[in-house]
Amino acid sequence: MTGNETIFFTTNDRLIQLSTGRIILPVLTAPDMNSMRVWLSDDDGISWRKGEGDARAEGNACCGYPLAIELEDGTVAMFIRTANNV
């Protein structure tokens with residue numbers, strides 16, 4: 001590694017399978033540590049692809065512990081812990 005690569009971190013018990021069968025793994029991106037994205041699998045985890053876009057903490061505050069849940073209407077809510085004092 002040269003120090004310029006993006007690294008993806010996750011924590012225990014964050015992988016979820018949606019009612020559609022899609023598997024979602026929320027990850028924190030480093031070295032900036034201020035955004036999260038998801039990795040997706042539509043074949044029971046055999047292959048994975050990086051989801052489009054990312055969610056960033058307000059003011060680019062450091063963050064961690066990304067979490068996703070599926071709501072009753074099928075939409076996915078993403079949560080992230082930040083260092084913001086707002």
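Among the elements of the protein, mean pLDDT (the predictor's confidence in each residue, from 0 to 100) is lowest in strand β1, residues 7-9, at 79. Strand β2, residues 16-17, has the highest value, 96. Strands, like helices, are DSSP runs numbered from the N terminus; a strand (E) needs at least two residues and a helix (H or I) at least four. Over the protein, the mean pLDDT is 85, and 91% of residues reach 70 or more. Where pLDDT is low, the predicted coordinates should not be read in detail.

The model is predicted: local features need pLDDT of at least 70 and side-chain atom pairs count only at pLDDT 80 or more, while totals for chains, interfaces and linings use all residues. Residues are numbered from 1 along each chain as its sequence is written, and side-chain values use heavy atoms, with hydrogens and water left out.

The protein has eight strands and zero helices. From the N terminus, its elements therefore read β-β-β-β-β-β-β-β. The C-alpha trace spans about 35 × 35 × 25 Å along its principal axes. Of the 86 residues, 28% are buried. Buried means under 20% relative accessible area, exposed over 50%, and partly exposed in between (1.4 Å probe, protein chains only). Contacts are heavy atoms within 4.5 Å. Among contacts with a separation of 6 or more, 32% join residues 24 or more positions apart.

The largest nonpolar core has five residues: Leu-18, Ile-24, Val-38, Leu-40 and Ala-68. Such a core is a set of buried Ala, Val, Leu, Ile, Met, Phe, Trp, Tyr and Cys residues joined through side-chain atoms within 4.5 Å. Leaving aside residues up to four places away in sequence, Val-38 touches Ile-24, Leu-25, Pro-26, Arg-49, Lys-50, Gly-51 and Met-78.

Pro-26 lies in strand β3, residues 23-30. Pro-26 counts as buried because its relative accessibility is 0%. Beyond four places in sequence, its contacts are Phe-9, Thr-10, Arg-14, Arg-37, Val-38, Pro-66, Leu-67, Ala-68 and Met-78. Pro-26 and Phe-79 are 53 residues apart in sequence, yet their C-alpha atoms are 9.4 Å apart in space.

Phe-79 also belongs to a nonpolar surface patch with Ile-69 and Leu-71. Together the three have about 250 Å² of accessible area. Patches comprise residues with over 30% relative accessible area and no salt bridge; like charges are joined within 9 Å, and nonpolar side chains (Val, Leu, Ile, Met, Phe, Trp, Tyr) within 5 Å. Leu-71 sits in the loop between β7 (63-70) and β8 (76-82). Its relative accessibility is 38%, so Leu-71 counts as partly exposed.

Side chains of opposite charge can pair when their charged atoms come close. The whole structure holds two salt bridges, each a side-chain nitrogen of Lys or Arg within 4 Å of a carboxyl oxygen of Asp or Glu. In one, the closest N and O atoms of Arg-22 and Asp-42 are 2.7 Å apart. Arg-22 lies in the loop between β2 and β3, and Asp-42 in the loop between β4 (35-41) and β5 (49-50), so the pair ties together parts 20 residues apart in sequence. Arg-22 is partly exposed at 27% relative accessibility, whereas Asp-42 is exposed at 52%. Arg-49 also meets Asp-42 in a salt bridge (3.5 Å, N to O). Shared partners join Arg-22, Asp-42 and Arg-49 into one network.

Definitions and conventions
Areas by Shrake-Rupley, 256 points an atom, 1.4 Å probe, with all protein chains shown as cover.
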